[in-house]
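Dear colleague,

Please find below the structure that I am handing over to you.

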Amino acid sequence: ADLSRLRLASLEIDGAGSVALAAAAENIVVTVSGVFEISLPPGVPARVVGEATVPPGWAPTNDGYESPTAGAGWVISVGEGSSLTVSEG
């Protein structure tokens, strides 16, 4: 799904697939249940809470990973038993 043109307050995805997100003007929580790839434009602030495969340059945190760009953006929460790959491009 290409959600890059929608204005979202939050997002819950369940199942399997890929999702393209655009820049976010504020923190927006994305809850992931299942097997997903989330694509973000380069330089978009994001944080992952939980286990995920993330692009090079993302920093590990106590509860997941953080993109190198600071600021408001996506907060991606990965459910237990789910699989997430984050890509930039």
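**Findings**

E37 is placed in strand 2, which covers residues 28–40. Please bear in mind throughout that this is a predicted model.

I begin with E37 and its surroundings. Setting aside residues up to four places away in sequence, E37 touches G17, S18, V19, T85 and S87. The C-alpha atoms of E37 and I13 are 11 Å apart in space, and the two residues are separated by 24 positions in sequence.

One of the residues touched by E37 is S87, which belongs to strand 7 (residues 83–88). The side chains of S87 and E37 are joined by a polar contact of 2.9 Å. When neighbours within four places in sequence are left out, S87 is in contact with E37, I38, S39, L40 and P55.

Next, the charged pairs. How many salt bridges does a search of the whole structure find? The search finds one. The partners are D63 and R47, whose closest N and O atoms lie 3.6 Å apart. This pair links distant parts of the chain: D63 sits in the loop between strand 4 (59–60) and strand 5 (64–66), while R47 is in strand 3 (residues 46–49), 16 residues apart. Both partners are partly exposed, D63 with a relative accessible area of 38% and R47 with 28%.

Finally, the protein as a whole. The protein contains seven strands and zero helices, and its pattern along the sequence reads β-β-β-β-β-β-β. The radius of gyration is 12 Å, close to the 12 Å given by the globule rule for 89 residues, so the protein is as compact as a globular protein of that length. The C-alpha trace spans about 30 × 30 × 20 Å along its principal axes.

Of the 89 residues, 36% count as buried. The accessible surface of the protein amounts to about 5000 Å², and carbon and sulfur atoms hold 49% of that surface. Among contacts with a separation of 6 or more, 50% are between residues 24 or more positions apart.

Yours sincerely

Notes
Residues numbered from 1 in each chain as written. Predicted model: local features only at pLDDT ≥ 70, side-chain atom pairs only at ≥ 80, totals over all residues. Heavy atoms only, no water. Helix = DSSP H or I, 4+ residues; strand = E, 2+ residues; numbered from the N terminus. Rg over C-alpha atoms; globule rule 2.2 N^0.38 Å. Buried < 20%, exposed > 50% of the residue type's maximum accessible area, 1.4 Å probe, protein only. Contact = heavy atoms within 4.5 Å. Areas by Shrake-Rupley, 256 points an atom, 1.4 Å probe, with all protein chains shown as cover. Polar contact = N/O pair within 3.5 Å; in protein donor to acceptor, adjacent residues only side chain to side chain. Salt bridge = Lys/Arg side-chain N within 4 Å of Asp/Glu carboxyl O.
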